[in-house]
Amino acid sequence: MGGFGHYLLSHLDTMRREFWFLFVGGVANGFLYGMVAVGYTLVYGVLRLINFAHSEIFMSGGFAGYFVMKAMIGPTVPSGFATVYLIVIGIVVGGVVGAAIATLVERVAYRPLRRRHAPALAYLISAIGASYFLFNLAGKEFGRYSISVPQPYVNHTVFTIFGAPVQLYYLVILIAGVIMFVGLDRIVAKTKLGRGIRAVAQDAETASLMGVNIDRTIAMTFIVGGALGGAAGFLFGLGTGVVFTMGFTPALKAFTAAVLGGIGNLRGAMIGGLLLGVVESLSVVFVQAAYIDVVAFGILVAVLLIRPTGILGERLGRAA
Amino acid sequence: MSDKIFDVQNVTLRFGGVVSLNDVSLHQNRGEILAVIGPNGAGKTSLFNSLTGVYQPQEGTITFLGRDAKPISIIGKKAHRVSAAGVARTFQASRMFSALTAFENVKIGAESHRGIGVLGAMLRGPATRRGEKTSDAKTEELLKFVGMTDKANVISASLSYGDRRRLEIARGLATDPQVLLLDEPAAGTNPSEKIQLTELIRKVRNEMGVSILLIEHDMKLVMSLAERLYVLNFGGVIAEGTPDEIRSNPAVIDAYLGSSTVETEERT
Amino acid sequence: MMMTIFQNLSVRRFLSSVAVVAVIAVMTGPAGSTEAPTAGFTGSFSEKSSFFGLFETIRWVPFLFIAVVFFAVWTLWLSRGEQLKGGVSKALAAPRSATQRRPVRWGITLVFLFVAIILPHVISDPFWQAAMVEQIGVYILLAIGLNVVVGFAGLLDLGFVAFYAIGAYTTAWVTGALPTPPLFGIHMDPFFAIPIAILIAMLAGIILGAPTLRLRGDYLAIVTLGFGEIITIFANNLYGITGGSQGTAVIPHFSLHLGPIKYLWGLTPVPYYYLTLVFVVLFLAAFSLLEHSRVGRAWTAIREDEVAAESVGINPLKYKVMAFAIGASTAGFAGVVTASQSNNIFPSSFTLQFSINILVLVIFGGMGSIVGVVLGAIVIQTGSMFLLHSPPAGYQPSDLYIYLGALLMVMMIFRPAGLIPSRRRRREIRLSEAGEGHADEVLTGEQP
Ligand SMILES: Nc1ncnc2c1ncn2[C@@H]1O[C@H](COP(=O)(O)OP(=O)(O)O)[C@@H](O)[C@H]1O
Ligand SMILES: [Mg+2]
């Protein structure tokens with residue numbers, strides 16, 4: 001008892017000292033998870049399926065960003081306005097490539113099956129195949145080693161919260177994340193495309209009777225989700241480096257975030273992402289670094305056990 | 001009193017804002033052929049789903065008189081437990097195991113209540129073989145009972161509408177039920193199939209002693225078959241009585257029989 | 001005939017043929033790197049190559065030739081007339097009764113068994129003898145185990161490797177090859193590891209499956225995917241228990257001490273081959289009986305219409321958990337064989353790659369079809385061993401994964417029921433495509 005009490009006290013003390021530092025990192029990671037989780041949730045909304053190839057959309061955004069940064073950044077590290085400019089370009093390129101790969105996946109791995117009314121199992125297997133094909137092909141073409149992305153000057157501290165430094169990198173993720181979420185939320189709530197997505201999510205048959213073009217809506221869903229996933233891939237790669245398998249773990253966590261928030265629910269994806277990011281970051285105090293991924297997995301299983309509909313509940317149609 | 005095979009008290013079932021069943025109370029006597037009628041969307045199928053454990057009503061009680069006259073509460077039980085207790089059903093849009101033969105469909109019903117016995121199945125021991133024989137014999141008997149012996153090896157998806165209905169009845173009977181719930185069994189069948197079906201339902205009750213709970217839109221069929229009826233509208237019971245009483249009940253005529261306005265207004 | 005061929009010539013189809021063949025060219029082409037990210041793509045078309053051994057040329061020439069042939073075959077295929085129309089009615093033809101098929105089946109089985117028995121005497125190359133045990137025999141075992149999960153119960157398990165690892169580590173534990181003291185404190189023969197490994201793998205399957213299987217099918221896929229990774233993390237980091245990334249100490253070979261009979265399986269592959277063969281035959285027999293038993297029919301019923309299955313008293317969760325546990329214990333069993341045969345185990349051999357590889361064997365052979373899965377395993381594993389043994393120019397071992405990924409997609413698009421489809425499965429897929437039945441639906445919010 002005394003031993004455990006001591007353990008707890010010493011860790012709580014660490015927690016108190018490191019809290020804000022870990023919190024800031026967790027929020028940044030949480031935004032990235034949320035951006036990827038949105039892709040899962042959108043596709044789930046219209047197809048009632050988990051898109052297993054989403055991890056490779058993330059990976060392709062990472063590589064696209066890497067090549068752009070490598071081409072644009074010379075021997076001197078850019079700073080100031082050039083930083084902003086480079087990051088915007090990286091996000092755009094990552095997003096475009098992510099959207100392109102997502103479209104490709106939809107066309108090749110999903111659409112032929114949809115035409116044939118294939119059973120659900122076939123979609124899952126086809127998407128797994130696509131994912132496996134894509135990341136191994138990336139390994140072949142770009143090498144099977146991890147490489148760091150040339151950075152503009154993003155590691156300096158902009159300000160501090162309770163003594164915890166907030167680096168520009170985190171701020172970039174925060175701003176990009178907020179802009180994308182608010183934009184997406186507006187799109188789904190206000191535009192014709194958004195109405196189409198919600199209608200298909202609620203009842204595909206009725207939506208198609210009411211003149212919603214199901215094929216187009218599904219394609220657009222992949223594009224929007226792919227763009228966010230690709231952009232997140234770039235931002236992630238910027239901090240952590242890129243490698244052909246980089247999509248696997250973040251995507252698994254993003255899926256956890258989507259389930260945590262309530263799959264099919266856009267705001268849920270965002271909230272789930274933030275929550276997971278922060279919890280995971282704080283858990284460093286209690287578990288060894290090697291087991292961090294186990295924490296996220298434990299959360300996934302716990303959510304599925306206790307509340308499989310997540311915090312905000314399912315359904316894209318209702319609480320978009 | 002103790003002979004009510006189903007006793008439904010104040011059951012309310014909601015889906016979000018939609019109230020499918022609103023404070024429904026009704027009962028069925030053992031051995032009775034009871035019908036539930038009402039316009040589309042009245043809540044008839046919802047009632048069936050509540051009686052069979054597919055839906056879980058938010059309020060009320062449903063008591064079922066089980067095999068040894070033991071009262072069982074249905075609410076909170078999973079569908080397979082309800083089946084094991086002795087409630088069999090058919091579906092409004094018939095649900096066969098389409099890729100299996102008629103024989104296999106019925107056999108699955110006949111053997112589902114025995115324990116699982118994986119090891120026995122993998123080793124195919126004497127007990128397993130005996131079990132197979134028993135279910136085969138029972139299946140053959142039931143196919144004969146519904147008049148489908150010649151179609152035993154036909155894939156069920158290629159059966160006619162009427163045959164599917166009869167096969168579903170055989171599959172339900174294979175579970176040795178106390179009561180059989182039939183959701184619009186005559187829908188989509190032709191006149192001669194309707195007559196056969198009426199005969200079959202009567203035979204199920206008279207020869208097997210299985211109580212029948214019936215949803216049906218075909219008034220001629222209902223009135224000739226049912227001994228008592230409930231009329232549902234907007235999720236509530238609006239009338240109860242013998243066919244003659246129902247025929248002359250002004251509320252029923254108003255809501256359902258007299259005009260078709262209600263039916264066209266309701267979503268199907 | 002000529003008319004229809006010309007009618008069927010289409011630019012779009014030609015471009016599709018070129019695109020497909022271009023992807024194949026890239027898949028089989030040279031590798032690139034982050035320094036030269038386009039080198040792989042351009043090299044796939046510009047490198048020197050031989051035109052099917054006839055003359056020297058550049059890669060794009062033979063591939064363009066293949067594209068043209070591919071296009072021609074495709075066009076001719078379509079000109080054969082609408083052969084798809086018969087699909088549903090053919091699928092619905094009354095099945096031949098079991099008694100009609102039985103003699104043929106036994107004949108084929110005996111022929112296969114005979115070939116399997118004499119095979120090690122025909123093939124004496126040690127590479128192939130070892131491959132027949134490690135890469136084919138064990139993989140058949142794994143594939144028919146996964147087939148119970150994917151084929152019979154229709155559940156996607158992407159972390160099959162986890163249970164294989166559990167079996168292997170259990171063997172190491174029981175035989176005293178782990179840093180942690182062995183079970184019961186004594187070093188036992190791997191034979192005793194078999195029941196223990198089966199039990200532990202089964203328990204792991206139940207613990208993981210029971211909560212997850214209540215939910216939608218794809219949740220199981222992702223949870224198992226995660227579980228596969230988690231197991232490797234534990235194996236890698238629990239130094240005091242598993243030996244960490246250094247792997248285990250030496251695990252003994254199987255040995256038999258029955259009264260006067262003493263036999264030790266050693267380093268030579270042939271005795272292991274026969275042992276594995278015995279195991280495979282036993283599992284095949286058990287699973288064939290299972291398929292045609294009450295349990296097999298219940299799985300089919302659940303796969304086709306869960307609501308209807310429940311209405312006749314089948315508890316879907318129980319049957320799903322059971323399929324999952326049977327799959328897990330088969331993988332655990334295969335883990336025992338591998339651990340004892342290879343003497344050491346390392347966390348790095350239990351990868352996602354492995355799980356996907358087994359899934360490919362099941363999908364390629366035909367999910368739900370035991371014969372198909374066995375043949376699929378033999379074909380794919382022989383193929384990949386052949387690529388390893390005598391690789392064509394420019395082939396790297398990791399290219400195999402690209403091929404396997406592509407194969408999964410291609411199978412789902414063109415032949416979802418697999419090489420040798422199970423009759424039930426093929427009917428189900430055809431019926432689902434024709435809008436009949438309720439086999440796991442997508443895009444329809446179905447009400448019971
Ligand atoms: N699963 C469900 N989800 C939402 N609403 C449902 C569901 N099942 C039934 N309802 C609603 O309950 C009402 C009664 O339907 P139902 O019981 O099918 O009527 P009936 O069988 O009498 O035609 C309808 O308004 C229907 O939309
Ligand atoms: Mg109804």
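**The metal site and its chain**

Modeller: Two pairs of chains touch, and the pair with the most contacts (heavy atoms within 4.5 Å) is A and C. This is a predicted model, in which local features need pLDDT of at least 70 and side-chain atom pairs count only at pLDDT 80 or more, while totals for chains, interfaces and linings use all residues. Residues are numbered from 1 along each chain as its sequence is written, chains are lettered from A and ligands numbered from 1 in the order in which they are written, and side-chain values use heavy atoms, with hydrogens and water left out.

Chain B does not touch chain A; their nearest C-alpha atoms are 11 Å apart. Chain B holds eleven helices and ten strands, which are DSSP runs numbered from the N terminus (H or I of at least four residues for helices, E of at least two for strands). Its C-alpha atoms fill a box of roughly 65 × 40 × 35 Å along the principal axes. Among contacts in chain B with a separation of 6 or more, 69% involve residues 24 or more positions apart.

Now the metal. Thr45(B), through OG1, and Gln92(B), through OE1, coordinate the magnesium ion (ligand 2) at 2.0 to 2.2 Å. Thr45(B) belongs to helix α1 (residues 44-51) of chain B, and Gln92(B) to the loop between β6 (87-89) and α3 (102-111), so the pair ties together parts that are 47 residues apart in sequence. Donors are N, O and S atoms within 2.8 Å of the metal (3.2 Å for Na, K and Ca), and water is not among the atoms, so sites may look incomplete. Gln92(B) is partly exposed, at 35% relative accessibility.

Val18(B) sits in strand β2 (residues 18-29) and is exposed, with a relative accessible area of 52%. Its C-alpha atom is separated by 15 Å from that of Ser50(B), 32 residues apart along the chain.

Notes. Buried < 20%, exposed > 50% of the residue type's maximum accessible area, 1.4 Å probe, protein only.
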